[in-house]
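The sequence and the model are shown first, and a description follows.

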Amino acid sequence: MVIFLSELNKLKVYQTDIGNAFLEARTTEKVYVIAGGEFGSYKDHIFVIVGSLYGLKTSSKRFHEVLNDVLLEMGFFPCVAEPDIWMRAMNADGTVMSTEDLKKEQPAYTYEGVNRPIFDGYYEYVASYVDDLTIGSRDPDSILDYLQ
């Protein structure tokens, strides 16, 4: 869907994997390990894991929460039909359209109580699947730079 919309709107498409994604999130599970011989003088010490790790049941969910917060901070909002596709309204000059300006636009239609405006700008898109992203933007590097 994002690739189609990006092509339709002449946006560049980037696909990327977020390296060490799960280490960005905190775990809510109580996880500990007893250090082995490879830890030298810390052998037999108990270490408590605070960051999410691959393999924990909630790791994907915790990372998804972190990614959601970052995308909201960047001005993206989730698609009504598919919450893992995020959109951001842009002015024709490439600046992010403020929420107030977006609300001022004439609604083109209403879907499930949400007005969808017609405006002179365009939308940028980010689709997420676990720790993989597909980005549709005129300047996808700026999105990636922010995410780093």
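## The hairpin of β8 and β9

In this predicted model, strands β8 and β9 form a hairpin with 2 residues between them, and V130 adopts a positive phi near 55° there. Strand β8 covers residues 122-129 and pairs with β9 in the antiparallel sense over 5 bridges. Within this pairing, S128 has L133 of β9 as its bridge partner.

## Strand β9 and its other neighbour

Strand β9, residues 132-137, is mostly covered, with 5 of its 6 residues buried. Strand β1 (residues 12-17) is joined to β9 by 6 bridges, and the two run antiparallel. Opposite V13 stands G136 of β9, while Q15 faces T134 of β9.

## The sheet as a whole

These strands belong to an open sheet of 5 strands, in the order β1-β9-β8-β5-β4, with antiparallel pairing. At the edges are β1 and β4 (77-78), each of which pairs on one side only.

Helix α4 (residues 140-147) lies across β1, β5 (85-90), β8 and β9, and runs at about 140° to β9.

## Helix α2

Helix α2 is formed by residues 59-73, 15 residues in total. From its first C-alpha to its last it reaches 22 Å, close to the 21 Å expected at 1.5 Å a residue. Its buried residues are S59, R62, F63, L67, N68 and L71. Just after α2 comes G75, with a positive phi of about 100°.

Terms used
Residues are numbered from 1 along each chain as its sequence is written. This is a predicted model: local features need pLDDT of at least 70, side-chain atom pairs count only at pLDDT 80 or more; totals for chains, interfaces and linings use all residues. Side-chain values use heavy atoms; hydrogens and water are left out. Buried means under 20% relative accessible area, exposed over 50%, partly exposed in between (1.4 Å probe, protein chains only). Helices (H or I, at least four residues) and strands (E, at least two) are DSSP runs, numbered from the N terminus. Two strands pair if DSSP finds at least two bridges between them. The expected span of a helix is 1.5 Å times one less than its number of residues. Contact means heavy atoms within 4.5 Å. Axes are lines fitted to C-alpha atoms, for helices over the stretch in contact, and angles run from 0 to 180 degrees between N-to-C directions.
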